[in-house]
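Morning, everyone. I'd like to walk you through one structure today. Please have a look at it first.

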Amino acid sequence: MERKIVLPPRAAATGVAARIESVTRISATQLRTAPPAPRSANIELTSECNWACAFCPQPGRARKRGEMRWTLFTRLVGEMADAGVGELGLFFLGESFLCDWLPDAIGHAKARGIPYTFLTTNGSLATPARVKACMEAGLDSLKFSLDFADAREFAQGARARPGLHRDAIANLKAARAVRDEGGYACGLYGSSIDRDGARQERMAPLVAEVLPYLDEHYWIPLHEPGSPLPIPCWSLFTRAHVTFDGKLSACAFDAGEAAIMADLAKESFMDGWRGVRFARLREAHLRRDVSCTICEDCGRMR
């Protein structure tokens, strides 16, 4: 028998933050051990990234790395569309501009019936030509991660070639020109992780520099491994996360094997989403007791 709980209301958000809020807020219909299809899903086209940010789980990834097969991608997108998934993020932990067929993936998702496609990038490979191809394919939202105030911070935190920081900023500015000149209906956004109390002040000059080129910039609270998250966790109920090799993960921060709930290379999307292993983990969240589960380290209720 399924358990249901009612979550307290939260303050309303606006703009792109409202769209994110609508995914991270668990509705009554989703709050069950075998929920309907998630509103949103992320598919990892590639697990590789040309940056190695200290705050990201990707550099320490325990799983094997690679690029998704086109046949697996198209099957999963079709199953998601048929199940009613309304939003598809073409990334997970990797940098999707490393994938040559990124525009084709966007175009296929739109043609197959996914209403809204979105992409988050570090920006360094999002050249005007590549961005134009993605917008022509129907990309609805392009977000640049802005997490380093200057070249010095970038060199310390991203562990990548120093010039890539300014490349990313230049590409962000160029993306606005590409969109406006082509008349593309693609939102342009920026986000920054609020890693400490003085973060917003240090980032203020960079945010001010890029804000005229964006529709919106917003701040994301940092999640440190081992720090508490609300229980039940939205990641289990409202958004699917699929790795490049078809593994369905229960965790938005997952870089290992423990959170894998199903192998979608061997079963359908909805069979994995509503499978026994996922149901057992959701049941623990509905009880608000995640002790002895994979969520125990970060799932202390608050």
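A definition to begin with: a residue counts as exposed when its relative accessible area is over 50%, and as buried when that area is under 20%. Anything in between is partly exposed. Keep in mind that this is a predicted model.

Now apply the cut-off. Arg161 has a relative accessibility of 51%, so it counts as exposed. Its salt-bridge partner is Asp167, with the closest N and O atoms 3.8 Å apart. Asp167 comes in at 31%, so this residue is partly exposed.

Next pair. Arg179 and Asp215 form a salt bridge, 2.6 Å from N to O. This one links distant parts of the chain. Arg179 sits in helix 6, residues 164-182. Asp215 sits in the loop between helix 7 and strand 6, and the two residues are 36 apart. Is Arg179 buried or exposed? At 10% relative accessibility, it is buried. Asp215 has 39%, so it is partly exposed. The pair also belongs to a network of salt bridges that takes in Arg176 and Asp180.

One more pair: Lys247 and Asp245, at 3.4 Å from N to O. Both Lys247 and Asp245 are buried. How many salt bridges does the whole structure hold? The search finds 15.

Look at strand 4, residues 141-145. Why is it described as largely enclosed by the rest of the structure? Because 4 of its 5 residues are buried. Strand 4 pairs with strand 3 (residues 116-121) in the parallel sense, over 4 bridges. There, Phe118 has Ser141 as its bridge partner. To get from strand 3 to strand 4, the chain passes through helix 4, residues 128-137. That β-α-β crossover is right-handed. Strand 4 also runs parallel to strand 5 (residues 187-194), joined by 5 bridges. Here Lys143 stands opposite Tyr189.

Further along the sheet, strand 1 (residues 40-43) and strand 2 (residues 87-89) are parallel too, with 3 bridges. Asn42 faces Gly89 in that pair.

Notes: Residues numbered from 1 in each chain as written. Predicted model: local features only at pLDDT ≥ 70, side-chain atom pairs only at ≥ 80, totals over all residues. Heavy atoms only, no water. Pairing = 2+ DSSP bridges. Buried < 20%, exposed > 50% of the residue type's maximum accessible area, 1.4 Å probe, protein only. Right-handed = clockwise from strand over helix to strand, strands pointing away. Salt bridge = Lys/Arg side-chain N within 4 Å of Asp/Glu carboxyl O.
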